[in-house]
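Biologist: I'm new to this one. Can you show it and walk me through a few parts?
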Amino acid sequence: MVVSKAGRTAARSVTKVPFARRFVTWRLHHRLARHDTLSRLGRHWVSTLLTALVMGVVLSLPAALSMGVLTLEAALAQVDRGDSITVVAHDSLTLSQVEVLSEEYASLALVRSVSVVSKEQALDELSQWLGLSPEVLASLGNPLPHSISLTLTSMQTEALQALTEQLTHNPLVADVLLDMEWLSRLQAIALFGERLMWAFVAIALLACLLIIGNTIRLAVESRRQEILVTKLVGANNAYVMRPFLYTGFAYGAAGGLVALLITYSVKSWLGGPIEALANSYQTPYFALRFPLSLAFALLTAAIVLGMLGAWASARRQLKLIEPR
Amino acid sequence: MIEFDRVSKRYDSGRDALRELSLFIEPEELVFLTGHSGAGKSTLLKLIMIMERQTRGRVIVNGKDLQTIKGGGIAKHRQDIGVVFQDHQLLYDRTVYDNVALPLLISGFEHRDIGRRVRAALDKVGLLDKEKSNPEALSGGEQQRVGIARAVASRPKILLADEPTGNLDPALSAEIMALFRAFSRAGVTVLIATHDLALISRMQHRILTLKEGALVAGGGRE
C-alpha cells in the first residue's frame, strides 16, 4: 500500500481540455449513455415492452383515423364531382325544339359541352339500370321527358347558382337538376372526420407526453443515489440527463413501431371489405391509404415526443436531486 | 491550496454553521479536521465541494475563488477533487472496477488510460483481486477502500474525507489513515474530517479543531 513516485508527477488537474479531446469525451459519454440505456431497458424488458405497447396503442388511434380520413378525401377528390347539370325539358317540347335549346346553351360561358338525351334514350338507360328489357318498360308508356346534359367548365358555387337560376327562369324548362347536396354532405363528413382526427392527434400527443413523463420520473427517482454520486464525482447535468433522453428516444421509437404495426394490421384487415365495396361501386380509386410519408411522420413524431417528455420530466426531477 | 478567508455560513434555518472562519492549507499537506457533531466540519467540506455556498467571506481552492465558479464549472471543479464518504457512496449495481472507473469516465479519460488508472488505484488500496466483485460482497473496510480508490483514481490534487473511519474498528482505521498519509506523501493535499482523536493524535499532523463554527486550534499558515 505504498504510493509510487510516479503518482507525484502524474498528479495533475483535468480542467483545461482542448476541443478535440472534449469532442472525444462527448462521444464517449454518448456511447456510454446509449449502452447504459439499452442494457437497462433490456434488463427490465417487460416494463419496457408494456410502455412501448401503451404508447403504440395510443398513437395508433390517430394513425388509423388519419388513414380513414385520407381514404375518404382521396375518394372525394376523384369522384365525379357532379360538374354537370341536367336540364329537364317541358313535356310539351319536341326533340327538335330541345335540340335548338341545347345549341343556345352551348354558347353559354360556363358550359363546355352539351348533349341531348331523348326520352327514348333515357328509357333505355333506365331499363338497363333496372335490368328489364326496354320493350317491357316501353309497353308501360314512357313517362320520361327529353333532357339536356350540360358539362361545365367550373364548379364555383356562385356561378353555378346564377346559371341554375338563369336556366330555371326559362318557361321551356321543367326542372334543373343539380345534385350537389350529397356532395356537400360528404364534404361535411370529411371535414368532421378530419377534425376528429386532429382532436385525436392532440389527445394522443398529450397522452404520450404524460406516459413518457411519468415513466422517466420513476426512472430518475429509482436512480437517485446513482445520480447523487455521479454529480459528486464531477458529472454535469448533461451527463446525468443523457441516459434519460436515450430512454425517451427508445420508448418513442418502440411506441412508434408498435403504432405502425397496429395501423398496418388494421389496414390489411379492413382492406378486403373496402375492396369489395369499391368493386360494387366500380370505383377502383377507393382503397385504404396510409402512405410511407405518413408512416415516417408518425415514427418521427413518436421519437420527438419520447425525447421531449423525457427531457421535461428529467429536467424537473433532476433539479430536486442535488448533493447536500 | 485551500484557503478560507473569514467565511461564515448561515443555513436557511437560521443556524450558524461557520463563523468568520479563516484557515490555510498548504499543497501536499495532510490536515485533520475535528470537533463535535454540528461544529461545522461537514459544512466546511461542502463549501469546498460547492455543495453549499458561504454566506460571507471567500473560499479559494486551487487558486480559484469558488464564488466565481458557476453552472457547468461546478462539475469541472469537482472533477479536480477526490472525496471519500463515511458511508462509501458506492453503486451496488456495478462491479468494483466500474465504481472506481466512474469519475474517470466522467472526466473523459481515454479507455486505455482508465484501465491502467483503475488498476493502479485498486492496487494502492490492496483490492486488485476484487475488481470484478460487487461492492456488496465486500466488508465495510474493503468498501471504504474502494471508495478511496475511486477518489484517487483520477489523481486529484485535493482529497477530502468525511469521517472515513467512522464505521471501522481501530485496526482497519489505522490502515485507512496510513493510506491517506501515503497519498499526501505522493503530492496530494489531504483534508480529513474525523472524530477519532485517539488515532489522529498519534499521527503528527496538523489538527484543526472546530467549535460552534469557529476555529479553536490549528488555524493559520504553518
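Modeller: One term to begin with: buried means under 20% relative accessible area, exposed over 50%, and partly exposed in between, with a 1.4 Å probe and protein chains only. At 6% relative accessibility, A:Phe290 counts as buried.

Biologist: What should I know about the model and the numbering?
Modeller: This is a predicted model, where local features need pLDDT of at least 70, side-chain atom pairs count only at pLDDT 80 or more, and totals for chains, interfaces and linings use all residues. Residues are numbered from 1 along each chain as its sequence is written, chains are lettered from A and ligands numbered from 1 in the order in which they are written, and side-chain values use heavy atoms, leaving out hydrogens and water.

Biologist: How many aromatic pairs are there over all chains?
Modeller: Two. Rings of Phe, Tyr and Trp (its six-membered ring) pair if their centres lie within 6.5 Å; planes under 30 degrees apart count as stacked, over 60 as edge-to-face and the rest as tilted. A:Phe23 and A:Trp26 are stacked, at 5.9 Å centre to centre with 20° between the planes.

Biologist: Why are A:Phe23 and A:Trp26 separated by about one helical turn?
Modeller: Because they are three residues apart in helix H2 (residues 19-43) of chain A. Helices here are DSSP runs of H or I with at least four residues, strands are E runs of at least two, and both are numbered from the N terminus. A:Phe23 is partly exposed at 38%, and A:Trp26 is partly exposed at 43%.

Biologist: And the other pair?
Modeller: A:Tyr264 and A:Phe290 are edge-to-face, 5.6 Å centre to centre and 85° between the planes. A:Tyr264 lies in helix H10 (residues 237-281) of chain A and A:Phe290 in the loop between H10 and helix H11 (292-319), so the pair ties together parts 26 residues apart in sequence.

Biologist: Switching to chain B: what order do the strands of the open sheet have?
Modeller: The six strands run E6-E7-E8-E3-E9-E10, with mixed pairing. Strands E6 (81-84) and E10 (214-217) of chain B are the edges, each pairing on one side only. Two strands pair if DSSP finds at least two bridges between them; E6(B) and E7(B) (residues 158-162) are parallel, over four bridges.

Biologist: Is B:Arg206 buried or exposed?
Modeller: Buried, with a relative accessible area of 10%. B:Arg206 is found in strand E9 (residues 206-211) of chain B.
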